[in-house]
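Colleague: I would like a close look at one part of this model, the packing of its helices, and then a connected account of what surrounds that part.

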Amino acid sequence: MADDWQNGGFGLYVHWPFCEAKCPYCDFNSHVSRQIDQSAWVDAYLLELERYAAQTPGRVLNTIFFGGGTPSLMSPDTVDAVIQAARGHWHAANDMEITLEANPGSVEAGRFAGYRDAGVNRISMGIQALNDEDLKRLGRIHTVAEAQKAFDVARNCFDRVSFDLIYARQHQTLLDWQAELKQALSMAIDHLSLYQLTIEQGTAFGDRYAVGKLRGLPVDDTAADMYMATQEICEDAGLPAYEISNHAKPGSESQHNQVYWRYGDYVGIGPGAHGRLTINESKFATESFLNPNNWLTQVSENTGESVRTQLQTQDQANEYLMMGLRLTQGIDMERFQALSSAPIPHDRLDYLVDIGMVEQDGSTLKATKNGRAVLNAVIRELLVD
Amino acid sequence: MLWHRNFVELIELILESRAHLTKPRIQIIRLTMTDLAHIRNFSIVAHIDHGKSTLADRLIQETGTVKDRDMKEQLLDSMDIERERGITIKANTVRIDYTADNGEAYVLNLIDTPGHVDFAYEVSRSMRAVEGSLLVVDSSQGVEAQTLANVYHALDADHEIVPVLNKIDLPASDCDRVAEQIEDVIGIDASEAIQVSAKTGQGIHETLESIVTHLPAPQGTLDAPLKAMLVDSWYDAYLGVIVLVRIIDGTLKKGMRVKFMSNNTLHHVDRVGVFRPEMEMIDSLGPGEIGFLTASIKQVRDTRVGDTITNDRNGTEVALDGFKPAQPVVFCGLFPVDSSEFEDLREAIDKLALNDASFSFEMETSAALGFGFRCGFLGLLHLEVIRDRIEREYDIELITTAPSVIYHVFMKGKDGEPGEKIDLHNPADMPDMSKVDHIQEPRIKATILVPDEYLGDVLKLCQDRRGIQENLTYAGTRAMVVYDLPLNEVVFDFYDRLKSVTKGYASFDYQMTGYREDNLVKMSVLVNDEPVDALSMMVHRDRAEMRGRAMCEKLKDLIPRHMFKIPIQAAIGGKVIARETLSALRKDVTAKCYGGDATRKKKLLEKQKAGKKKMRQFGKVDIPQEAFISALKMDS
């Protein structure tokens with residue numbers, strides 16, 4: 001499967017692990033630190049880039065994504081250094097998408113021009129809610145007014161600005177969400193990420209939930225109604241879902257995230273970053289050291305990579321299935337079969353088609369709208385043992 | 001080295017783990033035969049938790065039978081399950097040397113018996129091997145249902161009984177009241193009851209003296225052919241079957257040939273010994289003594305409890321009255337969760353049956369659950385003990401189907417002739433109702449003792465379970481109520497319900513009384529329109545709708561939502577009597593899944609998929625294993 005990754009492209013993920021405050025729902029690798037030596041981070045990122053580039057020579061780089069944490073705490077110079085180095089190591093695609101995740105605060109807004117000059121051409125903004133009370137509950141340090149201001153600054157600097165909202169929040173009704181979503185759509189340019197609040201273990205919300213102190217979460221049926229309403233409202237507004245939680249004007253989908261969902265190759269650098277790399281005809285999963293200081297030390301000594309696992313073709317087939325069915329365009333069953341060396345069993349397919357969870361069109365397999373709402377259950381049926 | 005049962009299990013464990021093999025360390029000590037006047041054989045009768053095992057521990061300790069450093073709590077309860085649940089399951093034996101205040105040396109043989117109703121049979125046969133009993137009653141609690149049941153076994157065996165009021169160290173102890181209660185309820189003299197705290201050791205010496213002075217010495221003739229009672233037997237991996245015997249007449253010697261009179265089999269006795277409580281070999285046992293023999297016997301089945309053992313030539317002519325073998329009364333299916341473990345389950349069941357002749361089994365095939373065994377037990381505790389042992393000691397996860405009883409199904413005859421009678425062990429085998437004339441079910445006499453404040457709840461529970469009140473009397477503030485109940489209403493969760501409505505203050509015992517005809521039907525359960533045979537059950541027609549509704553509601557909670565809606569129905573014949581609908585799963589998706597989530601998410605889904613395999617598939621529906629038992633639990 002030497003060139004299977006080319007079906008999904010090649011991207012670079014850069015993880016910036018710092019935040020001004022830790023949000024109670026967030027289970028990403030983020031840390032609050034008073035003093036950050038940006039130059040040390042630049043050095044480390046560049047070392048990692050050099051190491052990975054040596055393993056993937058001559059490739060065309062389709063996308064770069066700065067995620068976190070809060071990458072809008074990076075200085076524009078740091079961002080610039082990473083982008084320049086990446087351009088030097090690989091052949092940058094002509095239309096290379098470079099996204100940076102930003103907090104919608106006033107301080108960040110001041111750096112937007114700098115990011116643009118460094119080469120960033122897309123901003124993904126974590127607005128999360130359009131009312132101040134809920135923002136506070138979600139542990140966000142910005143207000144709706146600040147977010148709207150930051151958004152305006154961003155849209156003046158960049159053609160492409162997406163923002164995130166979290167729904168199925170505490171005490172939120174279906175009507176509340178429908179109204180908030182319509183307001184969001186009136187602001188939106190071409191892309192929205194709409195996530196149902198998920199209570200993750202090891203977060204402040206997770207701890208509160210475990211002891212029964214996280215009250216007012218919508219029941220499953222309400223959450224399901226909210227999900228379905230989201231699909232309809234966005235579609236009507238011309239931003240149909242292209243993935244479980246992502247909506248865009250056709251043509252404005254996130255190219256970088258599609259590298260994941262189309263199961264391409266990606267280099268992941270920075271603390272806790274994961275990667276998928278095809279090297280000498282084998283595909284590997286990579287992980288990096290989680291703790292920021294430890295990662296810096298490890299990089300300076302040798303490598304920030306903590307784990308490298310070779311993926312069997314069966315594992316690759318399962319990962320492709322799991323990621324690919326999140327997309328409305330679905331997966332190519334011929335590609336799946338080439339990886340797993342066996343087709344998806346007919347009885348399972350027929351069963352899922354029969355109960356309206358998937359659709360088959362030639363060699364394309366897609367989850368239906370109902371199927372996407374219960375995609376975990378659908379995937380459990382299809383996973384290869 | 002621990003007590004013999006522990007020893008047996010320890011050896012089994014060693015063999016099974018294929019760890020290093022060690023020969024059992026057996027002490028060989030020459031003991032001389034004891035004359036009859038200096039022997040006392042006794043058992044201890046008590047309700048669960050009234051301190052029987054602790055008292056036995058103290059008697060053993062006080063006489064120096066076990067050195068302090070080898071002492072552990074509940075010495076005679078050697079199975080993990082016995083220690084954990086604080087109950088005694090198998091009869092155990094210990095020989096205690098005691099020098100009394102009169103300066104003479106006595107041999108005291110204690111047979112420790114199970115307290116639970118399921119093992120009543122074992123109690124009654126052990127009682128036949130001894131002449132007296134200590135009746136232990138918790139002086140802070142009073143007489144309980146099991147005290148009664150067991151004391152009646154002792155009276156049946158013509159025992160002298162010494163009442164012992166235990167736990168006098170507790171603030172709630174009230175010896176006068178409890179002594180009076182013993183006289184009122186049991187009808188024996190309690191004026192000389194010994195006041196004991198097995199915990200502090202107070203009264204232990206007095207108890208030992210009372211055993212010597214109040215209990216009779218055994219009778220027997222030394223110069224007579226051997227006549228010995230086979231009290232119990234169990235399998236030991238090194239020694240073969242170990243046979244517990246009580247010598248009536250004559251002498252049992254190592255090296256002699258003996259005859260088991262029930263089947264006229266001959267055996268060469270290769271060991272004779274006693275338990276102290278570890279095994280000690282001796283040369284011979286005389287009249288009145290209790291000990292064991294081994295004779296290279298391979299299976300417990302070859303030794304019939306209650307049999308008479310005598311010399312191979314010129315033996316005794318008159319055999320002892322034998323015992324009736326114990327009959328299983330509760331049946332259920334045991335199936336491996338992982339169907340590839342069927343052979344392991346067979347092996348586990350074979351091994352357990354080596355040591356437990358009261359446990360019966362035959363292979364069963366269920367459309368729903370695959371291959372397994374239909375097993376018969378003495379009662380629910382026995383069922384739980386066997387199931388726990390299979391799961392723990394053999395590491396096999398089990399699906400247990402609804403417990404059932406044996407129904408007598410009378411088929412319609414031809415030309416006025418009575419039809420065939422079928423013993424129905426499994427509701428799945430119920431013949432077509434149109435061919436059935438009538439059905440009988442087993443009934444029990446249940447005795448319940450309860451503080452009067454809970455009496456109303458107890459009466460309601462018994463009424464709800466189709467009980468007929470036979471008697472209601474009071475002893476102080478405690479009520480004793482006797483009910484005639486169908487066993488099938490009791491086998492499942494009656495005892496749990498009783499405990500919960502009385503906050504644990506009720507005690508319960510029962511005995512089988514016979515069969516009676518009633519309006520019984522087979523109720524089937526259909527999930528997504530497919531019958532699930534393992535959930536079918538026999539119910540009374542009048543209770544069928546209520547049970548059916550409760551079952552459908554329970555299943556609705558127990559079965560996880562699927563991607564489609566699932567009808568759950570209860571039916572009698574073709575007629576649906578209850579119905580619920582489990583609505584479809586509408587939301588089961590992870591909001592975010594990016595490059596960093598792929599590995600974790602894949603592991604999670606694979607784990608969930610593996611979890612699905614632990615459920616049983618009926619058509620397109622996965623039913624979790626616990627549903628097979630939980631669905632039957634009734635809330636009232």
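At what angle do the axes of helix H1 and helix H11 of chain A cross, and within what distance do they come?

Modeller: This is a predicted model, and what follows should be read with that in mind. Two packed helices are described by the angle between their axes and the distance between the axes. In chain A, the axes of helix H1, which covers residues 38-55, and helix H11, which covers residues 292-301, cross at roughly 55° and come within 10 Å. With that angle H1(A) is therefore oblique to H11(A), and the crossing of the two is left-handed. On the side of H1(A), the residues that meet the partner helix are A:Ala40, A:Trp41, A:Ala44, A:Tyr45, A:Leu47 and A:Glu48, while H11(A) brings A:Pro292, A:Trp295, A:Leu296, A:Val299 and A:Ser300. Sorted by class, this contact has 9 nonpolar, 1 polar and 1 charged residues.

A second pair in chain A can be set beside it. Helix H7 (residues 174-187) and helix H9 (residues 220-236) of chain A pack at about 30°, with their axes 10 Å apart, and H7(A) and H9(A) are therefore roughly parallel to each other. Their crossing is right-handed. H7(A) makes the contact through A:Leu174, A:Trp177, A:Gln178, A:Leu181, A:Lys182 and A:Leu185, and H9(A) through A:Asp225, A:Met226, A:Ala229, A:Thr230, A:Ile233 and A:Cys234. By class, the contact of H7(A) with H9(A) has 8 nonpolar, 2 polar and 2 charged residues.

In chain B, helix H10 (residues 455-464) and helix H11 (residues 494-501) have axes 9 Å apart and pack at an angle of about 160°, so that H10(B) is roughly antiparallel to H11(B). H10(B) passes H11(B) in a right-handed crossing. Here B:Asp457, B:Val458, B:Leu461 and B:Cys462 from H10(B) meet B:Phe494, B:Arg497, B:Leu498 and B:Val501 from H11(B), a contact with 6 nonpolar, no polar and 2 charged residues.

A:Met322, A:Asn376 and A:Arg380 together supply 18% of the area that chain A buries against chain B, more than any other three residues. Across the interface of chain A and chain B there are 7 salt bridges, and one of these, between A:Asp354 and B:Lys620, has its closest N and O atoms 3.6 Å apart.

Some backbone details deserve attention as well. Most residues other than glycine have a negative phi, and most peptide bonds are trans. In chain A, a cis peptide bond with omega of about 20° joins A:Gly68 and A:Gly69, and A:Gly69 is placed in the loop between strand E4 (60-68) and helix H2 (76-89). In chain B, a cis peptide bond joins B:Arg276 and B:Pro277, with omega of about -15°, and B:Pro277 lies in the loop between strand E13 (271-275) and strand E14 (279-282). B:Asn314, a residue other than glycine, has a positive phi near 55°, and B:Asn314 lies in the loop between strand E17 (308-311) and strand E18 (330-336) of chain B.

How values were computed:
Residues numbered from 1 in each chain as written. Chains lettered and ligands numbered in written order. Predicted model: local features only at pLDDT ≥ 70, side-chain atom pairs only at ≥ 80, totals over all residues. Heavy atoms only, no water. Axes fitted to C-alpha atoms, helices over the stretch in contact; angles between N-to-C directions. Helix = DSSP H or I, 4+ residues; strand = E, 2+ residues; numbered from the N terminus. Parallel < 35°, antiparallel > 145°, perpendicular 65-115°, else oblique. Left-handed = near helix turned anticlockwise from the far one by under 90°. Contact = heavy atoms within 4.5 Å. Nonpolar A, V, L, I, M, F, W, Y, C, P; charged D, E, K, R; others polar. Buried area = accessible area lost by both parts, 1.4 Å probe. Salt bridge = Lys/Arg side-chain N within 4 Å of Asp/Glu carboxyl O.
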